[in-house]
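Please look through the sequence and the model below before reading on.

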Amino acid sequence: MKKLVAGGLAMMIAGGALAASVQEVAERYRKLVLAVGQHDASYVDAYYGPPALQAQAEKEKRSLAAIRKDAQAAAGDLAGKKAANPDEALRLAFLRKQLKALGARVEMLEGKKFGFDEETALLYDAVTPHHDRAYYEALLRQIDALVPGEGPLPQRVQAFRARFAIPKDKLKPVFDAAIAACRERTAPHLALPKNESFVMEFVTGKPWSGYNWYKGDAHSLIQINTEFPIYIERAVDLGCHEGYPGHHAYNALLEQHLVKERNWVEFSVYPLYSPMSLIAEGSANYGIEMAFPDEERLAFERDVLYPLAGLDPALAGQYAALQKLLAKLSYADNDNAMHYLAGHSTREQAIEWLVNVALYPPEKAGQRVQFYDALRGYVINYNLGRDLVKAWVEKQVTATDPQQARAQRWAAFKRLLSSPMLASDLK
């Protein structure tokens, strides 16, 4: 208790009346997020504040109209406020954008429709670039030259990828090894809480491949969906993305540095449909290459994961080259979601696009459309988020020596994961 009081007093001395005012709005914001969660079961992705506030939200079950009105009032109380230092400026900007996104989500729950780009600008503070089918077909021609066999490219890609599916009885040892390596490569660069830990579960029947449920106190539940084949590259992808230096590390650092050390209570709740998600997903995806630069990843997968999975290591290089080209198609997912959600394409046409343009595994294409239905414009957070985070981190690098440059990347990455920065702050 003394530590919290002292921390709050230091903030008031540093920022004067502003600090107290922002703290009050932060408390109101936290309650508003919990209130929206009573109308949208997927909205509150994580909460580790006082249980009494959650119980209060459940008991009151405030109307959407009342929540929207109070969110507008809270945003109004921040209007014109000036920060005493750069950290407070970021905090103010964070609260303004999060409140704006909360208001937009409430309007959506009330039935208001937004265009795809308008929705992502409101909810995630960003708008994805768009491309036509011809743009992706040019990329497909590059992939066509790499994949062996005869017949249509999607079928050849699928036949080739099938050789890299992890047998179900090998999933646990492969994922255990991958996550351990992700943590080992992250630990020297990010000082995570000593008590950090996670539990991993294999599940089915979900619209996603993997999920991190952050529980607070540096603890996570990581779930991996085994309903469809899991290919060997997904072990490192999901190990880094859901664990280290991805979601688990991001949430643990925010909790440690902003909630526990500074009493910024707004970070004890995470609304899924908010600008936080672009940073969370983008940093988790960029974190894969932070932990595993291309050549190091290839060596680890070939020498460790392929043998554990019973796969042929001689094919690792060719498969990694294919993965690199397939990654260039990632924005096809955003364009597909946009056309489908706007009603410009049917479910069948969306699946056709996924299979023939995005080269999605056919068995997972329906699951992806299910993801569009459930999370809508959230899809942009993975690829656009990754590209924005990567560009910002690279801007912080001044060294020409490879080792020094790598250290600077990690330092910048850590700064991002421990701060209130959002998409607009990365430009």
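How many salt bridges does the structure hold? The structure holds 30 salt bridges, a salt bridge being a side-chain nitrogen of Lys or Arg within 4 Å of a carboxyl oxygen of Asp or Glu. This is a predicted model, in which local features need pLDDT of at least 70 and side-chain atom pairs count only at pLDDT 80 or more, while totals for chains, interfaces and linings use all residues. Residues are numbered from 1 along each chain as its sequence is written, and side-chain values use heavy atoms, with hydrogens and water left out.

- Lys 97 forms a salt bridge with Asp 425, and their closest N and O atoms are 3.7 Å apart.
- Because Lys 97 belongs to helix H5 (residues 86-109) and Asp 425 to the segment after H19, this pair ties together parts that are 328 residues apart in sequence; helices (H or I, at least four residues) and strands (E, at least two) are DSSP runs, numbered from the N terminus.
- Lys 97 counts as buried at 17% relative accessibility, whereas Asp 425, at 23%, counts as partly exposed (buried means under 20% relative accessible area, exposed over 50%, and partly exposed in between, with a 1.4 Å probe and protein chains only).
- The side chains of Arg 376 and Glu 119 also meet in a salt bridge, at 3.0 Å from N to O.
- That pair links Arg 376, in the loop between H17 and helix H18 (380-395), with Glu 119, in helix H6 (residues 116-124), 257 residues apart.
- Arg 376 is partly exposed, with a relative accessible area of 25%, while Glu 119 is buried at 1% relative accessibility.

**Helix H8**

- Helix H8 (residues 153-161) has 7 of its 9 residues buried, so it is largely enclosed by the rest of the structure.
- The buried residues of H8 are Leu 153, Pro 154, Arg 156, Val 157, Gln 158, Phe 160 and Arg 161.
- Among the elements that cover these buried residues are helix H7 (133-144), helix H10 (233-243) and helix H14 (316-327).

**Ser 418**

- Ser 418 is found in the segment after helix H19 (402-417), and at 15% relative accessibility it counts as buried.
- A polar atom of the Ser 418 side chain lies 3.0 Å from the backbone oxygen of Lys 414.
- Leaving aside residues up to four places away in sequence, Ser 418 touches Leu 253, Leu 254, His 257 and Leu 258, where contact means heavy atoms within 4.5 Å.

Key: A polar contact is a pair of N or O atoms within 3.5 Å; within protein, one must be able to donate a hydrogen and the other to accept it, and residues adjacent in sequence count only if both atoms are side-chain atoms.
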